[in-house]
Amino acid sequence: MPMSEETLARAEALIGRYPERRSALLPLLYLVQAADGYVRPVGRYLVSVCRTLPCQLRGSRELSEALCKRLDVPLGGTDATGMVTVEEVECLAACDGAPVVQVNTENYERLSEEQALELVERLLHDEVPPPTLAGDGAVTEPSTAALHWRLSGLGEPPADLAERAATGAGSGGDGDRIGSAPAGGAGDDRTGGERL
Amino acid sequence: MTSADGSAPQVQPVSVLSSRWRDGLAHGFDRYLELDGYASLDDAFAKDPAELVQIVKDSGLRGRGGAGFPTGMKWGFLAKGTGKPTYLVVNADESEPGTFKDMELLERDPHALVEGTIVSAYAIGCNQAFIYLRGECGFAGRRLAAAIGEAYEHGLLGRDIKGSGFDLDVVLHRGAGAYICGEETALLSSLEGQRGQPKLRPPFPAVEGLYRAPTTVNNVETIASVPWIFRKGVDWFRSMGTEKSPGPKLFSVSGEVQRPGNYEYPLGTPARELIMGAGGGMLDGKTLKAWTPGGSSTPLLTPDHLDTPMDFESIQGAGSLLGTAAMIVLSEDVCVVGACLKDICDSIFGRSFCALGDGAVSPIVSALQYFREEFDQHVEGHGCPFGTAQALLGGRGGSELPPHGSGDNATSASPSNTRQGAR
């Protein structure tokens with residue numbers, strides 16, 4: 001599929017940020033993925049379960065198995081409706097929130113198996129529950145297309161990518177948040193961590 | 001190291017790198033300024049760059065990304081008079097398993113990295129910096145992108161910053177889930193749009209780095225430490241930590257503890273204080289069996305090592321490495337054979353091409369040293385003495401991991417390797 005004039009212009013803008021053109025390779029792949037989605041076919045929601053040791057110690061393997069079973073796909077697969085892709089990934093650098101599950105790279109931490117299943121159930125209904133740090137300002141990208149746009153470095157995704165935002169997509173309040181906030185740490189003011 | 005009653009001494013946490021984390025609004029430019037943000041620019045611009053490099057050398061600051069190389073010395077190696085630009089590349093590709101300090105810093109205090117990037121770039125004569133960020137860390141990416149944008153809006157990035165005549169542009173570059181890209185030569189290859197593979201050194205990046213120009217690659221926490229040193233001085237910095245490992249440090253405590261989290265303490269704080277104190281001790285009913293001092297690529301230590309000070313020299317003396325100071329805590333309920341072999345499988349099946357492959361063997365070597373009997377039980381046909389081995393191995397060994405070279409570097413998260421190297 002040929003790229004549109006708009007996409008080509010954006011590609012040139014990304015290339016122009018670097019002293020050598022080839023450096024823009026990853027941003028360009030993200031851009032093409034956002035525009036066409038053919039670099040790596042994924043559903044609207046990419047669910048990534050961390051499989052590294054700290055998360056395995058807290059049951060991540062059981063989570064990913066349960067999600068694959070519910071979606072009836074192997075790891076890396078997309079459910080029959082095309083809505084949700086589930087994968088296992090390496091350490092997501094949020095080990096205090098183990099087990100960590102991401103939706104479109106936003107964290108849902110300390111999930112029980114039931115909570116992980118509820119999360120996926122809502123995604124299948126095109127609802128995006130607010131992520132664990134919603135109260136602090138974290139927002140889940142409304143679609144993988146919007147995510148890849150942002151990852152390319154072009155800033156806020158345009159409406160036609162973001163308009164897939166589900167009703168109930170969270171920003172701000174964390175009233176119906178799935179999962180729980182970390183229990184400790186120097187920055188933790190949510191649960192009264194008393195170390196600092 | 002023990003007090004009269006035999007208990008470990010209480011070491012107090014410090015509040016430097018994490019001092020703005022609990023503010024809740026420090027990620028915004030205005031609030032950051034109210035909290036003395038960007039104050040180090042005036043200190044830095046008033047001095048000659050060479051003097052600043054000397055200050056960092058004198059401070060004894062060592063890289064916080066794993067290798068612990070002295071930062072000022074690294075900067076001093078940058079080739080001069082090459083006719084090429086000098087590049088600063090900030091390594092925000094945090095991916096050593098168990099490490100989550102840089103991402104929390106970027107989520108809560110992203111301007112601290114921008115400020116550090118400005119004064120560090122000024123010190124080394126760099127006008128174009130890159131921040132290589134893990135693509136998978138969505139919230140950190142949003143916060144950092146916003147902070148960079150605000151810094152440009154307020155004239156703290158771009159041309160003639162605060163009338164100093166110093167220009168700096170910063171490009172935020174998002175990686176694509178390749179563990180190896182945390183290694184500095186692989187990171188630079190990836191940033192050039194090449195396949196993210198490590199290169200043999202020499203030439204070192206300080207001579208031939210990004211675009212074959214002099215380049216320094218520094219970790220987020222390292223760069224965020226620099227403004228503090230410029231503002232508060234070498235003596236203040238050295239008032240924390242040990243002679244050879246000075247300063248404050250973010251420790252990531254995870255695994256089977258009550259309060260996993262990032263905790264800021266002076267380097268040299270006994271591991272016991274971090275695991276049993278800050279981390280709240282073991283989960284109910286669990287007994288400590290082993291812990292990593294610096295992420296899963298560092299050799300395991302045991303309860304016998306709990307009074308070891310968490311600094312580069314002491315941990316090395318105990319037979320391990322401080323690495324990223326990521327302390328993954330394992331209980332007696334965990335089969336070390338399973339945990340360890342899982343890592344090995346990931347390493348070998350994921351990426352055998354790695355100039356820093358030592359990390360791949362360290363978990364198994366240390367596990368054999370301290371938990372020999374578990375290996376013996378497996379080998380002697382009794383099977384795994386724990387129910388958890390299957391869980392930790394996931395019942396799949398390594399056979400479902402992609403073969404070498406089959407991963408899609410551009411878009412898929414790759415299986416991890418283990419690495420202990422120059423970050």
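Where in chain B does B:Asp160 lie? In this predicted model, B:Asp160 is found in the loop between helix H7 (138-153) and strand E3 (169-174) of chain B.

## Positive phi values

Most residues other than glycine have a negative phi, and most peptide bonds are trans. With a relative accessible area of 39%, B:Asp160 is partly exposed.

In chain A, A:Ala93 also has a positive phi, of about 60°, although A:Ala93 is not a glycine. The residue lies in the loop between E2 and E3 of chain A, and its relative accessibility of 5% means that A:Ala93 counts as buried.

## Cis peptide bonds

The loop between strand E2 (84-89) and strand E3 (100-103) of chain A also holds A:Pro99. The peptide bond that joins A:Ala98 and A:Pro99 is cis, and its omega is about -5°.

In chain B, a cis peptide bond runs from B:Arg201 to B:Pro202, with omega near 0°. Here B:Pro202 has its place in the loop between helix H8 (184-191) and strand E4 (215-219) of chain B.

## The elements of chain A

Chain A contains 7 helices and 4 strands, and when they are followed from the N terminus on, the order is α-α-β-α-α-β-β-β-α-α-α. Of the 196 residues in chain A, 57% count as buried.

A search of the whole structure, over all chains, finds 0 disulfides. For A:Cys50, the closest cysteine sulfur is that of A:Cys55, and the two sulfur atoms are 3.7 Å apart, which is too far for a bond, because a disulfide needs a pair of cysteine sulfur atoms within 2.5 Å.

How accessible is A:Cys50, buried or exposed? With a relative accessible area of 2%, A:Cys50 is buried, and A:Cys55, at 2% relative accessibility, counts as buried too.

## A negative patch on the surface

On the surface, a patch of negative charge is formed where A:Glu62, A:Glu65, A:Glu113 and A:Glu114 gather. The elements that contribute two or more residues to this negative patch are helix H4 (60-71) and helix H5 (113-124) of chain A.

One member of the patch, A:Glu114, lies in helix H5 of chain A. Its relative accessible area is 57%, so A:Glu114 is exposed, given that exposed means over 50%.

Conventions. Residues numbered from 1 in each chain as written. Chains lettered and ligands numbered in written order. Predicted model: local features only at pLDDT ≥ 70, side-chain atom pairs only at ≥ 80, totals over all residues. Heavy atoms only, no water. Patch = residues over 30% accessible without salt bridge, like charges linked within 9 Å, V, L, I, M, F, W, Y side chains within 5 Å. Areas by Shrake-Rupley, 256 points an atom, 1.4 Å probe, with all protein chains shown as cover. Salt bridge = Lys/Arg side-chain N within 4 Å of Asp/Glu carboxyl O. Lys, Arg positive; Asp, Glu negative; His and termini not counted. Charge placed at Lys NZ, Arg CZ, Asp CG, Glu CD. Buried < 20%, exposed > 50% of the residue type's maximum accessible area, 1.4 Å probe, protein only.
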